[in-house]
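Please look at the sequence and the structure before reading on.

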Amino acid sequence: MQYGLENILGHDKVAEHFRRALRRGRLVGPLLFVGPSGIGKRRFAFALAKALLCKDHNDELNACGTCESCKLFSGAPNVTDWNFDTGKFLPPHVDLYYAAKPAERSEFPLDLIVGDKEHRGKSGLIYNISRTAFLGHRKIAVINDADYFSDEAANALLKTLEEPPNDSVLILIGTSTAKQLPTIRSRCQIIRFAPLPGDILAALLLERQMVSSPEQARRLAEQSGGSIERAMELIDGNVEELRSSIIKTLSPQHFDAVRFAAEINSYIDAKGKEAEHRRPRLQLVLQISAEFFRNRMRTAEVAEISARRLERTLEAAEHLERNANFPVIVEAWAMDTARA
Ligand SMILES: [Zn+2]
């Protein structure tokens, strides 16, 4: 199984809360998840959604992995690979809805809640969640960036929060209750998430290959206050900038491998020539590229080429484990990928 509540690390108390609530027979009201950013609230929300949508989950809220609903999830890559922030993110399940503030906007757009001007009330989150569940069980809406609701957007949601449609679960995600409008706060059950414990964060950094040694993982975990996002910033202040530049280069079918390799090499050298600095930066580049190719495999016209490029990228990540000749790895990877 790729993920479910049983695979969530570091939020045992919250998980136990939901198990108890379910054993008592009901989940109370819309949920508002709060806690520092980058500690896994959204990941938890999707894991909970998977368990709740499963037609055969047990009392421990573990998804069965084999029912019609679970199968929809298992076709999707692991939640840690999902890029939620493209504005085009589609959850893998027909009864799961997701909305978030686009990165370039300063407020949460009203359109995402009530539909755009041409489709007011006929699209958007409120409309979606009011429909009958496609699989006839439950519907779940995950709304990120609740910190950024405008009065308008919050007002539009109030009625739905007060009387959620049958068999629906709404999960709002923000960083603190202080950032929510009182009207929202008072209508939700507040679930508090604590920063990730150091040992768990260190394990996650290693698992995602963001660091090159257990020592580095431990050091970063200490410095980042239990937030994986903060740890990424410490590795590099510009992860998002790097991500968009890689995506921009790799999006066309053909790209200039020599130029790409030069750009990547200058990025990995930017914090110093020591392997300790260069390895995690190259790991990050390969991780972002692999994630990009994996997403592209869902588009029929480029599925095959993306699969070959993904395979070559994973190979480069393996080479990196055993080898410190970074420019050679980068150049060979860029050439082979461009030709794939
Ligand atoms: Zn299931």
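## Domains

The centres of domain 1 and domain 2, taken over C-alpha atoms, are separated by 32 Å. Domain 1 covers 5–192 and domain 2 covers 236–339; such bounds come from an automatic or database domain assignment.

The model is predicted: local features need pLDDT of at least 70, side-chain atom pairs count only at pLDDT 80 or more, and totals for chains, interfaces and linings use all residues. Residues are numbered from 1 along each chain as its sequence is written.

## The sheet

Five strands make an open sheet with parallel pairing, in the order E2-E3-E4-E1-E5. Strands (E, at least two residues) and helices (H or I, at least four) are DSSP runs, numbered from the N terminus. Two strands pair if DSSP finds at least two bridges between them. Strand E2 (96–99) and strand E5 (189–192) are the edge strands, each pairing on one side only.

Strand E3 (residues 139–143) and strand E4 (residues 168–174) run parallel and are joined by five bridges. Ile143 has Leu172 in E4 as its bridge partner.

## A helix pair

Helix H14 (residues 303–322) and helix H15 (residues 326–339) have axes that come within 10 Å and cross at roughly 170°. Axes are lines fitted to C-alpha atoms, for helices over the stretch in contact, and angles run from 0 to 180 degrees between N-to-C directions. H14 is therefore roughly antiparallel to H15; angles under 35 degrees count as roughly parallel, over 145 as roughly antiparallel, 65 to 115 as roughly perpendicular and the rest as oblique.

Residues of H14, including Arg309 and Ala316, meet residues of H15, including Ile329 and Trp333. Two residues are in contact if their C-beta atoms, placed from the backbone, lie within 7 Å.
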